[in-house]
Each structure stands twice: as structure tokens, then as C-alpha cells.
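Please look over the chains shown below before reading on. The report covers contacts between parts of the model.

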Amino acid sequence: CTTVTLKGDENEPIVVNLNVKIDQEVRVKLDREIEDLISQNPDIF
Amino acid sequence: MRDTGNIMRVARFLAIVVLLLAILLAALYLLRKPVASWALRQGMAQAGLENPQGQVTALTLDAIRIENLSAGPIGGEGIRFAQINSDYHWRQLLSERSVKNVRVGPGLVRIDIDQQGRISLPGITLGEGGGARGVALPFETLTLSDVEISIDAPEGQAAGNISAEYDQRTGGVAKLEVLSNMLRFGDMTISDGETAFNLILSDNGDISAKGQFTGDIDYQGATVHALSLGVDGKGASWRDAANGAREKLTGAARINVKAPNINIEQAEIFAPLSTPAMQALLGGSVTGGAISGAFDVTFNQDGIKILFADDEPPLTVETDKGTKLVVSPQGSAPFLAHGEARDATSFQFAISGSGVNANGAADAEYIDGNWRLAAPINIDAYQSPALSLNGSRVDIAARSEGENILADINLKSGLKKLTIGRLTIDDTPFTGGFEIAANTAAKHATIVNKSECLALARTHAFLAEQDLEARLSGLELCNREGRLMSVNWSEQVTSTLNGNLSARDASFRIGQTKASGKPPVIAFDADYHLVEDVTRIIGKISDGDMTLNDVLDMSAVDGGFEFVLDAEEMKIDAIVDNLRIAQHGEAPVIAPVIATATARIVGNDATFDYVLSTPSGDQLGTGRGTQNMQQASGETVFSFEGLKFIQGGVQPNELSPLLKGFVDAAVGEMGGEMVFGWNESGITSSAGFSFKNISFGGPTRAVTRTTGFNGNLALTNLMPVTTDGTQTVTVDVVDMDALKLTDGIISFNVPGDDTIVIPKAEFPWFGGVIGVYDAVASLTGEAQIPLRADRVELAQIFEYVEINGLSGEGTMNGVLPVVFEDGKARIENGFLKSAGPGAIRYQGEAAEQAASAGGNAKIAFDILRDLRYSSLEVRVNGALDGRLDFQMFFEGTGEVNMDNAKGRVPVKYTISLDAALLELLQQANLSRSFQLQIEQGLQRVE
Amino acid sequence: ASALVENAKNNCVIGEQADGYLGVVSGANASDQLRREVRDINQQRKTVYADLARRNGVTIEVTAALTAEKLMNSATSGQCIRKQSGGWVKL
């Protein structure tokens, strides 16, 4: 998520704090691929 | 008328004849003695006597006396009898040609002995077979009195006398005595000989004979001092013999032999007794000894039997070295039996002395040309330089068929020591049954193990000069090509041992070079030439699993060897078609390989050449080396060119398990040379490798892949890896997931103390350079390597991340410390600082969305549309394979569109980007999904 | 995996960890040979995690962690696993 705060006036520089957070909501999609990964590589899992 | 004349003439003729006869008879009567003497001489001559002399001094119808009868060569005498008288009845004389009695003596008979010991009466050549055979004696009684005997030998002389009284009806007595101080004929010399012999023929037909000989005999150098030989015999019936039926003669005699002092020092015929084996038997080089024994001999028409006298001590033979042989009867069987069709012997023996303690028995039979022998022998102890046994038992059963000899030998051997040439085998107890087939004409014999294989609990063999020792246990020695051994003695004695030898466990040693474990199965032919003293063994070896000096495990061998041992040296040539070599121990540095090799050991030095390939058959390289067997020191150089690593094929972490988890899935080509040296203090190694465009996973899990690794590497030690000073290599890509370094030149040094020193490693990076300078890192535990970035261009970074609408320029410097721990790499407190002003411009989807959202987001992204910074610092932290946190701090000016004003305002801008750079990078290629991310982020805040 | 590794897993000498890699259970003594096998397996696991991550635009940590979850769920009793919180747990 992104949060932005603005402070200060004309003479003071504007302070910008931009937080970019990228979450990975990819759990569902990978599930089957993980199963395949494990089954296709028996000698290392 | 006329016939009366005839009658008258006949009558006159008859009268003349009668007259003549009367005169003749008268003359005869008057001249009877000279005529008889003449007739006697003629008779003697006819009987083969030389210049017979003798006068008939009395001749009557019933008696005759002859005086001075003699015969013999001129100048010498054969026989001379002063007087011979005989009474006869003239009718019996004429019809049966036998006389009543003959009285002979005094007189002399001379006997000659020629070189071959044959006896002859000089002047008398006896008829074929010496006198009538099987014809009844021509007299009823015979008396010999006062008859002397003189025996002449080629050297020396003996004298004696003989007296006898014999009456056909009542028997008789005869007595012979001969004395000689020295008599020599051929090789036999009898000195101080005394012979006495008495014969009694009793009236019931019994014969009793007693004889005694004492004296010294020398035969071909063997002298028997004070030999005493006694004969005391009984027989029956002299009448049959007298009447010519000699074969009916039966009898028995007790023979006593005593030879207390025998000396055989100069006797060549006893030379075999001085061979080492015999010396052991006899307790040393025998110079003499003593024999004593008593036998009972019985003879009758079907043969002679000789038994040991049971009331006398057994036959004993003692050598002057204390060895004693006692021969005694075996049950009731005769010691010797000689018959028409069969000869046999049977006895027990016991031999004891310093070198031997054994006993046994023997039964032998000889029937029309073939013999049979059975001999069980217990050897409690036998020590000789060449062979020593204890607790052994031999059962021999042999027979001959024409020129073939077949023997069956069961052996329980407590072999303590056997020396063949310079090879000594000891401590080898074994039991086995052997069949021996020998051909005396071809002079060849083969020995076969009856039960195919001979089980031996253990054996130990050593070769002193070579300091070579072999100890095997749980052995099996089996026939090979149907036989175990063959012996040939046509020219010189050669023996060949062939067998298949396998053992459960063994240890071999030449000097300090030792091998132990399960030995290979050896199919061998061993030749031993007695005279040349050369042992040659040719063999095939297979299987086996042995450890060499606790360093190398050698197994699954398949090869052949030739071992030659002669007086000067030992030489071994070996060809190995297959040998698996693995490093001994739990965690080997080098993986097992398969070798083919040729090796030659001459005396103490071995040289070998080999080709190594992987167990799956990929050839690795070739090598050669030398080994000093005595000190177990040596060196080998192994070189390999164009070794190709391919997926699923030859892999570095298979060649050296040490690299497991360090290097994986290698592709590319490598060459080089490894040198190993070893001695009792340890193993030294060095190597030179050249890498040609090699790519591999690693090093370590932290680096996902290294591609295009090129360069030469010189190592002064492989265990532990130690470089020969600083090495320089080039690499196309070092892929550490979030951080990919490309086209690098890396100089590094591995001092061998588990650290890696990197004086300099540089990679071009976003227009500038990123590099490692004078870094030291641990190879095993946690390591930290600072990456210094110089003159990095922001423009090229934004170009790389390819985020739509994002651009900028400016030069950055900084340090990214990479920490390697537990297979993971992370950047800790990494930073890039701007060197001078720059600008960042972003007009991408995110900006539009923020604009539509209005408020602070709009302003933030407005500023970003063209942010000119005076200073920019980027802080980087996080796992290279995971989330990287970026914090960017700008100070500069940005354009703001506020309701009331528009223009550039000073800005302090901080962006915290908590996003996996990796994903960021990857998503940059999938821009649509990036947008999705930002929206989600915004919604949550409002 | 090899018998050596399976045995070690069943005897709680090594176990699956939340980060998707095999680890030596603290306090257990593992032979050099076992440690090499574990290191080798982990290197190969990273390669497949990296491959899957690249194909799905996620970080290797993610694919590793997701795989770990499945591996730990299918771990049998008597084996040991190491949760995110760091401690080894014997099932």
C-alpha cells in the first residue's frame, strides 16, 4: 500500500514520504505448481 | 666133412681169444693201478680238471685209494688231496655208478674270487650249472677230514678248513671255518673276517645249520666295522635234496645282524643322504651309524618269508647324529615274502631324532611286474631347512601298471614351513586328498585334487630379500584345467602348480606398501625350475576388494600378471583391464573411478601407467607414476584434456564429492594436470586446471549460476585447496538472483586456511563499475564481501528496470556489503549516494492513478514528474533471493500544481519501496500487473 | 532422496525447514557425508525454486516458503521440522 503525508509551507521544502508496499497475493495460483514441483523432483524432496 | 673143419677153426679162434683175454686180464690185474691212474686222469680231464695228477695206489674189486690227486693251472694248484679212499661194491659201481663211501683228506682246495666276486675253482671248470643237478649223490657216505681252503681274491687272501662226515642213511655233520685279514674284490673289501659254519644232518632228515661271520666290510667307501652276522637255521629233509629233489627243501633260520659302527663318510652311493631333506630326517650330515636286528627266515617250495624275530629287539638303525629308525612287524604279516609270483613286504616304522618324529606303516606287493603300496604315516614333527611339518598325517595308496604309477594321497598337513627357492611358506595347516598319475617313461606326473578344491584355514608366505609378505585366510585352492600340479623330470626337474586360488581375507606387503581385504581370485600357473632356481607365476586376477595403505580401496579387478623370481631379482608385470579405485574413508575427496593400467615392479621399484574413467564409462584422463615399494613412497601425474561436463554426464561434484552443494549442473570443458606425491609422512598434491567457458550452479547455494567461467588455476595443494598465489579468471555472469554481475575479471587467492582473499574483482555495472577490493572472506562459515559501486549511472538503472515512464540521470557511488550465510546472500546496509545533481522523472500509470485519486498522492506523483535532486541516497537491505527494501532520500526541487500556485518548490522526498526488486524487475516485464499492485496499495490507505 | 537422507529425516537428524531447505536438527550429529548430501539437495532445490519463481514473477523466498509449507504438512510422525519461529519440533 502507499501512504503519503505532506508537511511544511512555501519556504520549507515539502517532505514527501512515499511508501510502496507490494504484497504478493499469489498463493492460490502457485499451489498446484508447487505440488508438481515436489512430485517432479522426488530425489530432492 | 668140411664143416668139422669149420668147427675146428672156430674152436681154435675161441681159444686164442680166451688166451688173449686171460693175458689181458692178467695184465690188467697187474697193470690195474697204472691203468686206473691213467683212467682217473682221463676222467678228471673229462670232468674239466686241468692237468690232472694222481696215482691209484690201491685198486681192488671193492676199494680204491688215490694218492696225491691234484689239478690246477700249471705252476699253481687248484685242488690237492693227499689221499682219497673209497670202498664200493664193483657191481653197484658199474650198475648204479655209486660207491659205498668216500674218504677225502687231508688236502687243499683253492678258490679264486674275481673282481665281480664270482667264485671259481682254479683248474676246474665245472659243467654247466656246476655238477649234476637233481641227480642223486653218487656215494653213500662221504668224509672230508683235514681239508684246507685257500681263497685268493684280486687282493688279499683267506684261509680256512672244512671237515665233514655224511652218511646217506644217518645224516652227517659239516664244519667250515675261514679266516682272512684282508680280502678285496671289486669294490668290496673284507678285513679281519672270521667265518664259522656248522651243518648237522640228523637221521630223521632234519637239517640244522649255524653260521657266524664277524669282520669289517668296506664297500665303495662305506665301512662296516665289527659286523657280526649270525645264522641259526633248521630245515627238512636233506634226503630229498640228496636225491635231487632240492625243491622239497624247507626250513627256517634265525639271522642276527649287528653292525655297531658303520662309516659312510666317503661313500658316494650314500650321497643322497646328505641332501638337506634327508639331513633333516637323519639329524644332520650323517657320517655313520649302527644297525642291529634279528630275522626269522622260513623257506619252502612256494617261497621265502622273512619275519622279525619276535623274541629279539626290533630292527634298529641309528645314525651318529642321534636319529633312530625302528622297524617292527605289522601284525603277523612277514617283513618280506618272496614267492613264485608274488613279492611282498609289510612293516611298521618309527623314526625319531632331533629333526624328525614320525611313525607309520607300509604294505607293498609286487606281482608280475606291477607293485602296490599302502603307507599311512604320522609325522608329529619334521624340521628341515626346506620343509618342516608338525601334526601331519599322510595316507599313501599307490600302484604301478606297466610304466604308469597311480597314487592316491590323503594329507592332513600341519605345514609349519616350506621353502621353495627363496620363497618361504609357513603356518599353512590344510587337509586334502590328491591323485597322482605318473608315467615313468615320459618322466611326467600330474597331481589332481580329488575334491576339486583344497580348503586351507590360513597361510603365510614371505620372500626375505624382497621384504615381501602375504597372509591369507579362508583359502580355497582348486584344480585348474583338471589338475593342481605337474612335475616333469625328463631333462631337469620342473614343477608346475596350476590352480584357482581364492581367499576370504588377505594382506599383502612389499616393504611399507600394504594391501589388505578380500583378495582377488587368482587363476595361476606357477613353474619352478629346481636347477635354475627360477619361479615364474602367470595369473589372471578378478574381483577382490582390498585397501592400499589405508588410502585407496581397490576392487573389481580384472587383469593378469607375470611374476618372475630368480636368483637376482623379483620382477612383476601386470596388465589391468578394469580396476575400481575409490578413496578409503567416510567422506572421500575424490569419487571412485575405473582404471585400466599396466604396471611393472622390478625389485623394489614400481612404475605404472593408467587411464581413468568414471564408473559410467566416460574417460577422464591418463596418468603415470612410480612407487618405491620399500618406503611406500611415490608420485603420480594425472593429466586430462578436453574433459567435457554435460548435464547427466561427467559432473565436477561427482568427480569430487567435496564439491557437492558447492558446484552443480556444470556445462563446459576443462583440462589440467594433478600431481600427487606420498610417503610415510603424508600425501602432497598440486594441480593446474584450465577452464574453458564453464557454467555451473554455485559456487554455493547463494549464487544461483555462474556462467562463462574462463581461466587457468594453479593449486599448490588439493587437500585443502590452496592456490599458488593470486589467480585471475574471467566470468560472463555471476547470477545472485536479485544481483547479477556480468563480464567480471576476478583475482583471488585461497591460502588454504579456509578463507578466500580477493585483491580485486571488477564488473561493469550500469555505466560504472562494481567491484571487490582487498576482501577476505571465510569459505566455510559466514562471509561478508563488500561490493563497491563507482560512477554508476541512474539513467542506465532506470533503463534496466524498464518501468514505463520512469527515467532520470545522475551518477551514483556506494557500497553494497553482501553477507553470505548458510547458503543465502543478503545485502546489509547497502547504500548508493549521488555524486552531483541529477533528476528523476516518472509519468507512468501510477502517476495517473494518483492524480485521479487526488490529494497527497497526486502531489507526490506530480513532484515525481520532474524531480531535480541535489542529493540522492538509496539504502538497500534484504535477501538477494527474497525481499529487498529500498529507501530513497532526495533533496531537490519538484513541480507542484497546487490550486493556488504552480511552480518548482524545494522538496525532501523519501520513497520506501518494500518490494522484491526481483519481482519489481520481473513485473516490469509484465507492466499490467504492476498497476494492479499500486491500486491495491492505495485503497488500503484510504 | 537417498536412503542416507531419508534415514536421517526419519531419525530426526535432519528435517524440513520453513525456508524450504533441509537443515541439520540442532544438537544432532550429522556425518560429513550427510552434510554434503543436504548441501547438494538444497542447492538443487534453490535452482528449481528460482526457476519456478522466475516463471511466476515471485521471489525465490516465496516459492521456497510455499513448498516448505507442503513439505512440513506431509512430514510423518517421528520426523522433525523447523517452524518460522526457529525452534525444531518433533512430530
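## Basis of the values

This is a predicted model, in which local features need pLDDT of at least 70 and side-chain atom pairs count only at pLDDT 80 or more, while totals for chains, interfaces and linings use all residues. Residues are numbered from 1 along each chain as its sequence is written, chains are lettered from A and ligands numbered from 1 in the order in which they are written, and side-chain values use heavy atoms, with hydrogens and water left out.

## Domains 1 and 2 of chain B

Chain B is assigned domain 1 (386–589), domain 2 (591–756) and domain 3 (796–940); the bounds come from an automatic or database domain assignment. Between domain 1 of chain B and domain 2 of chain B, the C-alpha centres are 41 Å apart. Their contact (heavy atoms within 4.5 Å) involves 24 residues of domain 1 of chain B and 26 residues of domain 2 of chain B. The two domains bury about 2,000 Å² between them, with carbon and sulfur atoms giving 54%. Buried area is the accessible area (1.4 Å probe) that two parts lose on being put together, summed over both. On the domain 1 side of chain B, the residues losing the most area to domain 2 of chain B are B:Thr513, B:Ile581 and B:Val589, together 25% of what that side buries.

One salt bridge is counted between these domains, a salt bridge being a side-chain nitrogen of Lys or Arg within 4 Å of a carboxyl oxygen of Asp or Glu. A salt bridge joins B:Arg600 and B:Asp573 at 2.6 Å, N to O.

## B:Val593

B:Val593 belongs to strand 35 (residues 593–602) of chain B; helices (H or I, at least four residues) and strands (E, at least two) are DSSP runs, numbered from the N terminus. B:Val593 counts as buried because its relative accessibility is 11%, where buried means under 20% relative accessible area, exposed over 50% and partly exposed in between (1.4 Å probe, protein chains only). Beyond neighbours within four places in sequence, B:Val593 contacts B:Leu579, B:Arg580, B:Ile581, B:Leu612, B:Ser613 and B:Leu620. B:Leu620 is 27 residues from B:Val593 along the chain, with 8.9 Å between their C-alpha atoms.

## Chains C and B

In this interface, 20 residues of chain C contact 29 residues of chain B. Chain C and chain B bury about 2,000 Å² between them, 50% of it on carbon and sulfur atoms. C:Arg36, C:Gln43 and C:Lys46 supply 33% of the area that chain C buries against chain B, more than any other three residues.

One salt bridge is counted between the two chains. B:Asp737 and C:Lys46 meet in a salt bridge at 2.6 Å, N to O. Twelve residue pairs are in polar contact across the interface of chain C and chain B, both at pLDDT 80 or more.

## C:Arg45

C:Arg45 lies in helix 2 (residues 32–56) of chain C and counts as buried because its relative accessibility is 0%. Its side chain reaches the backbone oxygen of C:Gly20 at 3.1 Å. Sequence neighbours within four places aside, the contacts of C:Arg45 include A:Ile44, A:Phe45, C:Glu16 and C:Tyr21.

Technical notes
A polar contact is a pair of N or O atoms within 3.5 Å; within protein, one must be able to donate a hydrogen and the other to accept it, and residues adjacent in sequence count only if both atoms are side-chain atoms.
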